[in-house]
Amino acid sequence: MVKYIIKKTASWLIVIFLATNIAYLLASVFLDPRSNYAGRRPPLSQEQISHILQPLNLDPETPLLERWWTWLTGVVLRWD
């Protein structure tokens, strides 16, 4: 019985890991965080928008793998 519970728990953890990673990758590919700042008055420059998005790990100029690794380590190590 314990072996069954361990197997089921491990399989659910794998499914949760895959689902959250797929959701993160899809969101990073299809969503544009820069669009939130496009209509501001006075308009912000691209550098100002990048400075706003970098601490949030949302800057599209940062490589996707680097943003993903920062997100994953934050979730695993700091529950962020």
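1. Ground rules. Since the model is predicted, local features need pLDDT of at least 70 and side-chain atom pairs count only at pLDDT 80 or more, while totals for chains, interfaces and linings use all residues. Residues are numbered from 1 along each chain as its sequence is written, and side-chain values use heavy atoms, with hydrogens and water left out.

2. Salt bridges. Searching the whole structure turns up 2 salt bridges (a side-chain nitrogen of Lys or Arg within 4 Å of a carboxyl oxygen of Asp or Glu). One of them joins R34 to D59, at 3.2 Å from N to O. R34 sits in the loop between α1 and α2 (46-53) and D59 in the loop between α2 and α3 (64-78), so this contact ties together parts 25 residues apart in sequence. (Helices here are DSSP runs of H or I with at least four residues, numbered from the N terminus.)

3. The R34 network. R34 also bridges to E61, with the closest N and O atoms 3.0 Å apart. That pair links the loop between α1 and α2 to the loop between α2 and α3, 27 residues apart. Put together, R34, D59 and E61 form a network of salt bridges. As for accessibility (buried is under 20% relative accessible area, exposed over 50%, partly exposed in between, with a 1.4 Å probe and protein chains only), R34 is buried at 13% and D59 is buried at 3%, but E61 is exposed at 58%.

4. Aromatic pairs. There are 2 of these in the whole structure (ring centres of Phe, Tyr and Trp, the last by its six-membered ring, within 6.5 Å; planes under 30 degrees apart are stacked, over 60 edge-to-face, the rest tilted). Y24 and W71 are stacked, 4.6 Å centre to centre with 10 degrees between the planes. Y24 is in helix α1 and W71 in helix α3, so the pair ties together parts 47 residues apart in sequence. Y24 is buried at 16%; W71 is partly exposed at 23%. W68 and W69 make a tilted pair, 6.1 Å centre to centre and 50 degrees between the planes, and W69 is exposed at 51%.

5. The largest pocket. Its space comes to about 170 Å³. Y24 turns up again in the lining, along with others including L31, D32, N57 and R67. Helix α1 (residues 2-30) gives the largest share of that lining, 3 residues.

Note on methods
On a 1 Å grid over the protein atoms alone, a cavity is a set of points where a 1.4 Å probe fits but cannot get out, and a pocket is an open set with protein on both sides within 12 Å along at least five of seven lines; lining residues have an atom within 4 Å of a point. Grid points are joined across faces, edges and corners, and a volume is the space filled by probe spheres set on the points. Helices (H or I, at least four residues) and strands (E, at least two) are DSSP runs, numbered from the N terminus.
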